[in-house]
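Here's a quick briefing to read alongside the model. Have the sequence and the 3D view open as you go.

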Amino acid sequence: MKASFEKIKQLREELNTYNYEYYVLDNPTISDFDFDLKLKELQALEAQYPEFFDANSPSQRVGGMVTKNFATLTHKSRMYSLDNSYSLEDLRAWEERIQKVLGVSEVEYACELKYDGASINLTYENGSLITAVTRGDGFKGDDVTANIKTIKSIPLRLRNPILKNFQIRGEIILPLEGFEQMNKVRIENGEEPYKNPRNTASGSLKLQDSAEVASRPLDCLLYHLVDDKSPFKSHAEALEAARKMGFKVPSTLKVVKTINEVFDFIQHWSTKRHQLPYETDGVVVKVNSLQHQAELGYTAKAPRWAIAYKFKAERVPTLLEEISYQVGRTGAITPVANLTPIQLAGTIVKRASLHNADQIERLDIRVGDTVFVEKGGDIIPKVIGVDLSKRPANSQPTVYATHCPECGTALIRKEGEAQHYCPNEYGCLPQITGKIQHFIGRKAMDIDGLGAETVVLLYKEGLIKNYADLYHLTTKQLLPLERIADKSAENIIKGIEASKKMPFEKVLFALGIRFVGETVAKKLARHFKCIDRLFNASFEELIAVDEIGERIANSVIDFAQDEKHRAIIDDLKSQGLQFELSEEALAGRSDKLTGLTFVVSGVFETLSREELKKSIEDNGAKVASSISKKTNYIIAGANMGPSKKTKADDLGIPIISEYDYLELLQSKNKSTEI
Ligand code: AMP
Ligand code: ZN
């Protein structure tokens, strides 16, 4: 027993260090594969010895907790906003005010970038993360701890507890690369792309399913250590200590001695910012000395010792030479502006997105116009307006494409949808190859050895017409093809064979049903359990499923009713793909507890906390992370948190043991049997 605890402790420490090296230092020292092995080892041990449960174990970062209502928590000290400045004159005036209050002629400043995301207040007690709360109205915010724990660069336990009890503030951001990756997937699924990284980051904090948050590449950059009895003399010193404790404090932070050096910092980053991996919309200048900060204090809304300087959004005019149309795998048409190449935000821009027909009409964008191009969150810039003074006299309003540029079929547009579609699913090249490419993708069937270009090659050679044809390929057919070596032919066939084991939810996602992304596929698979039940479901049955709306329901019905789809699926079935949830996934599932919400607290005897939560969810109920009026039962084990107990008593919510729970499940059994 002792030995296993030692092993658990050791694995937790090791994994914490690997996370720190990878996500904070950006310097991994272990392969992803070996990391996963260690994590699995830890998970197995934790399941075997539930008495060693630790809410801050690195295994908790995968998420899985579902929160319906986020509890409101009061900030120990208020979260202020910042005063803004837009010019160097504004900054000079600010400096004068400060010097006057402090009665000094020289002030040291800490210059930081203004990270563009959502602010968060982290509270540590005894070196462990206790709560993470959003800014809210500055006085009170939402308790989003379960979601925040999935962000790997945030230490759950401090590496070097210079301080033990304190609060620290930072910005939850979504780095550009991750944001684009997320949007790529959405566009491929026929979903509207997210608007910008900031909104997506702040929206992520309020997602109910923390596993979904864990799948998003969020990061946290720290900028303020709140500590009443701070042993530090300056802001920069405090942040240096935070860095040593394991937090990600950007190295762009710079201490300077004059306001002119502040200007230099602003000038430098006003262009260099485009090379950063995340978005920044300005600079925050802070008086460095904590003594000076205390003397300056706060206005009703912001500290007097800090000021933000906002960068101007870079937008440039250029000529719109042509509008072309791209066809996605679901047939969705995206209009693209082809521009006279122009330098913007550090890169040369030739093309910009025009979104859809409505956008073109609303901005009255025409070929021959001089348009303004801006780089928002996306790497793909967008056209944001027209310089009407430069419009040529013979200019004509844009007539949106009526036919597919790839196959010539007349485009259609469904009511209420923004995008036009090419309906020629089986005769339009980018749709055919796009669907197969989606099918083999990493998040779908994950077929090793087969790439996007090979798919096009196989299609052009007449070897495949749809994804079911992949399962009829033979090494013999592949070998004569140029560009495919013996070895890779074998790997392709092996990869295709291996994909037959992919679980139903992945297969469902791989089918490429419009609006059925990864999460929706999971929900549908869990609810209907097999493809036949899903495809025979009525509109009413579909929209009765949690989070399934009319748009998705109609899309599933359309897909299911298509004879060609049915034939392809029959073919895939006969090849042995998984079209129902496995026995394992089905075991112990029911709807017995539907409508109930549980909160789980403490350590249990008969089953691990994770098993208990899984059992609750498998039987149709919800697990919430915090107690609210909506909670029906609290299942308490040993060491239930005292604050939870008080809250439960206040709200009069019954506290039951794990045995009571199992009995409840049993009794529900009986009543449903009768
Ligand atoms: P505003 O929302 O415009 O009032 O600006 C204040 C917000 O800027 C704070 O709530 C923080 O979330 C955010 N912020 C981003 N970077 C920093 C930084 N380096 N220092 C302080 N606040 C920052
Ligand atoms: Zn077409």
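An oxygen atom of ligand 1 sits 2.9 Å from an N or O atom in the side chain of R135, a polar contact (a pair of N or O atoms within 3.5 Å; within protein, one must be able to donate a hydrogen and the other to accept it, and residues adjacent in sequence count only if both atoms are side-chain atoms). On its own, ligand 1 exposes 490 Å², and the protein buries 86% of that; accessible areas come from the Shrake-Rupley method with a 1.4 Å probe, and for residues only the protein chains shown count as cover.

Some ground rules: this is a predicted model, in which local features need pLDDT of at least 70 and side-chain atom pairs count only at pLDDT 80 or more, while totals for chains, interfaces and linings use all residues. Residues are numbered from 1 along each chain as its sequence is written, chains are lettered from A and ligands numbered from 1 in the order in which they are written, and side-chain values use heavy atoms, with hydrogens and water left out.

**Ligand 1**

- The residues around ligand 1 are S81, L82, E112, L113, K114, Y115, S119, R135, E171, Y223, V284 and K286, where "around" calls for a heavy atom within 4 Å.
- L113 uses its backbone: one of its N or O atoms there lies 3.0 Å from a nitrogen atom of ligand 1.
- K114 comes in with its side chain, placing a polar atom 3.3 Å from an oxygen atom of ligand 1.

**The zinc ion (ligand 2)**

- C404, C407, C422 and C428 are the protein donors, each through SG, at 2.2 to 2.3 Å from the zinc ion; donors are N, O and S atoms within 2.8 Å of the metal (3.2 Å for Na, K and Ca), and since water is not among the atoms, sites may look incomplete.
- The arrangement is tetrahedral because the four donor atoms subtend angles of 100 to 117°; for four donors, that label needs all angles between 85 and 135 degrees.
- For reference, the ideal angle for four tetrahedral donors is 109.5 degrees.
- Along the chain, the donors follow the spacing C-x2-C-x14-C-x5-C.
- C407 and C428 are 21 residues apart, both in the loop between β16 (382-386) and α12 (429-440); helices (H or I, at least four residues) and strands (E, at least two) are DSSP runs, numbered from the N terminus.
- C428 is buried, at 0% relative accessible area, while C407 is partly exposed at 27%; buried means under 20%, exposed over 50%, and partly exposed in between (1.4 Å probe, protein chains only).

**S353**

- S353 belongs to strand β14 (residues 347-353) and is buried, with a relative accessible area of 17%.
- Its side chain reaches the backbone nitrogen of H355 at 3.2 Å.
- Leaving out residues up to four places away in sequence, S353 touches P335, I380, P381, K382 and V383, with contact meaning heavy atoms within 4.5 Å.

**Positive phi outside glycine**

- N126 has a positive phi of about 50° although it is not a glycine; N126 lies in the loop between β4 (118-125) and β5 (128-134) and is exposed at 60%.
- D446 also shows a positive phi of about 50° without being a glycine; D446 is in the loop between α12 and α13 (452-460) and is partly exposed at 32%.

**G595**

- G595 is in the loop between α22 (583-586) and β17 (597-601), exposed at 62% relative accessibility.
- G595 touches G620 and N632, not counting residues up to four places away in sequence.

Key: Tetrahedral: all angles 85-135°; square planar, octahedral: opposite > 155°, others 65-115°.
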